[in-house]
Amino acid sequence: MQVLKFGGTSVANAQNISLVKNIVSNVAQGNVIVVVSALGGITDLLLKTASLASEQNAAYLEKAKEIEARHIETIKEIIPIKQQSKVLSMVKSELNNLETLLEGAYLIGEITPKLSDKIVSYGELLSSYIISEYFISEGLASSYKDSRELIKTNDVYGKAAVNFERTNTLCASYFKEVPHKITVMAGFIAASEKGDQTTLGRGGSDYTAAIVAAAVNADVLEIWTDVSGMYTANPKIVKQAKAIPHISYEEAMELSHFGAKVLYSPTIQPVLSKGISIVIKNTFDPGAPGTLITKNRNEKGKTVRGISHIDNIALLSLEGPGMVGIPGISKRFFEVLSLAEISVVLITQASSEHSICIGISANDIDKAVSRVNEAFEYEIAIGKIKPVFAEKDLAIIALVGDNMKSHQGLSGKMFSTLGRNNVNIRVIAQGASERNISAVIDKIDVKKALNALHEEFFEENIKQLNLFVMGVGNVGSKLLTQLQQQKKYLKDNLKLNLRVVGISNSRKMLFDDNGIGLKHWEDQLATGEKADRSAFIAQVKKLNLRNSIFVDNTASEEIAATYGNFLSSSISVVTCNKIACSSSYGYYDELKQLARQFNAPFLFETNVGAGLPIIDTLKHLIVSGDKVLKIQAVLSGSLNFVFNHFNEKNTFHEVVKQAQDQGYTEPDPKIDLSGVDVMRKILILARESGNQLEMADIENRSFLPVTSLEAINNAAFFKSLRENEAGFQKLYREAKNANSKLKYVAQFENGKASVGLQQIPEGHDFYNLEGSDNIVLFYTERYPNQPLIIKGAGAGADVTASGIFADIIRVGNF
């Protein structure tokens, strides 16, 4: 004997019901019991219609017509015309009865639990009858059996308790002499011993199937739904979730209790004692293996088998000094909730007995607060207990696995993963069986938490990084090209999955939380929404993705001022924008502290030397205990390019324009030539060495004339360069006559920093510095005479982009 249950999506329409018929036709030899839910969406529609009727809202009539139309349409599509008359007559008769019940609710202006059970049961009653008649019309040896004649319950309407002794006797007796190979039954519905209609609660069709399977000692219970088994997480939230091939009863119960909606948690209880296997299968992919649920099965000793969650949770806390050492407080607390028919999902209590905290459905929280405060009115009045405290907008996430109890460190791994992603844990609970670890978090963090945990426990250590890129000019566009080229390499070799989720320039911005395709990002961005800095930041926070990184490729002061917003939300920041780290020391230090506090890396390697590992090397010197004594450096690739190409055969203006056109200078070249850019860089190196310095503390011996320094725009600046050509030629001749080269040098020593143009003699480390190269000499306690030298390309879009790329990888390895 096999029992097959088909859910609402499996019987949502004529096409799906046809798939169900094919599945039932192909089952193994022997008798088959088919339990079906209401047509997809009908149960909710019935509840809505009943609610409108009880509110004396005449709109219920339109909803009732919609219910009728769904069923009539289904009949006409799957039942042959010659056989429709009988089926239509029966269905219309039942729909008339439903209309009478709804009219009664409308007239009296209320709906009782008993009446609600009668109304909502019509979904399963109609679908099971229609499907049974369809099977017969297709030549299957099928018959219909009214579930109310077999499943007996008490008279608690809405979620009746099954009388298993009576039910098992009736089922065993009927199916012993069943007239046909296939029996179609309605799920969810039952009847009391008095004959009144009852229901088994939402999800009760699974329960019906399990009750019958246990009663007839079925070989297997198959639950057919719209997914290929129980998954490691909700596949609608976690795209990388995978079907679990084999799982134990206990693991399945835990997962279904904590929101794995593919299975109704009480389903497992009736079949558990009989050792009947459960198989979760996909109606729309019947060839997929699905999930097999049996006793004590844990493949390959895996620890965590799945991650699940429950939405719409509220916490209720009862606390006060009068609870300590007083027997009966907990009993009274839970008794009040029980009498109010409030189900407790999670319990935690302080060992001091000072407080009890429980998790319940948010729909019950107001009633719970009122009832508990009323029950403890006297203790509250005398100050022994505080008024009960409620918190809403929460969710429970849970790790589930039979073998979790024998592995150390799982809790730490879970909580550190959540902490790294700024997911605040409100309450923690773990059962004595250690089969699950549960945590209550803000519901807005559910998606991020589930994805982060799934990545940690199931994805072969592949870490997903979600990038939000601000600025896609020279450097930004090169970065996106590099990301696209290296995507497969990073995933295969570094176990990093990089996704660009947001892009913005000064005109447009674009978001796609599934990842923006980088082959044609320009075309996609062109059709994006109007750029708005505040809206961009808000959207990054709203998406709330794990391992988020904000990448700033601009030179904007306004963008630099937003870093704190990101870091305080545990969003890492990678930037080539020097403004933040060279602004006030207070802001620089604030960002560093936020990065530590919220576990969000703040990396700015490209602030000095583009892609050269200057800051990274300096950090390693400091953390290893070395002390910087002096720094000498040529830190401006643009100025080095200018003075390496400037001579008596060209003009200073021409060389500067060439540097700008080739992307070596900032958009405003005055920033480079005035020395401000070099001042920022030496300031950053001094601060990274452990010194508190401000820009005003740096001596700038500028070679530019006053008219150039005071130029208000690029046109005025280049005009001043042309007008002062003689002065620039004089600087060149003096250096040449001294057998030296002009280099713009930054120096830091004894707490003082300076920048300025110098004549570098032959033989000096700076003399042969070519093109746009940078060089840094670190004199430290370990390198007092022969400095540690870092030298290489210090400007250009490609190398700057590669430096940003390297920082992104550092975040990924953090």
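Strands here are DSSP runs of E at least two residues long, and helices are runs of H or I of at least four, both numbered from the N terminus; two strands pair if DSSP finds at least two bridges between them. The model is a predicted one, so to speak of local features takes pLDDT of at least 70, side-chain atom pairs count only at pLDDT 80 or more, and totals for chains, interfaces and linings use all residues. Residues are numbered from 1 along each chain as its sequence is written, and side-chain values use heavy atoms, leaving out hydrogens and water.

Seven strands make up an open sheet with mixed pairing, in the order 21-20-19-18-22-23-24. Strand 21 (529-530) and strand 24 (602-603) sit at the edges with a single partner strand each, so one side of each has no neighbour in the sheet. Further in, strand 19 (residues 496-504) runs antiparallel to strand 20 (residues 508-511), the two being joined by three bridges, and Ile-503 faces Leu-510 in strand 20. Helix 18 (residues 533-543) packs on this sheet, in contact (heavy atoms within 4.5 Å) with strand 18 (463-470), strand 19, strand 20 and strand 22 (548-552). Its direction makes about 5° with that of strand 20, taking axes as lines fitted to C-alpha atoms, for helices over the stretch in contact, with angles from 0 to 180 degrees between N-to-C directions.

Strand 18 and strand 22 each give at least two residues to the lining of the largest cavity, where a cavity is a set of points on a 1 Å grid over the protein atoms alone at which a 1.4 Å probe fits but cannot get out, and lining residues have an atom within 4 Å of a point. Among the 14 lining residues, Arg-420, Asn-547, Ser-572, Asn-599 and Pro-601 lie nearest the centre.

How values were computed:
1 Å grid on protein atoms, 1.4 Å probe; cavity = no way out; pocket = protein on both sides within 12 Å on 5 of 7 lines; lining within 4 Å.
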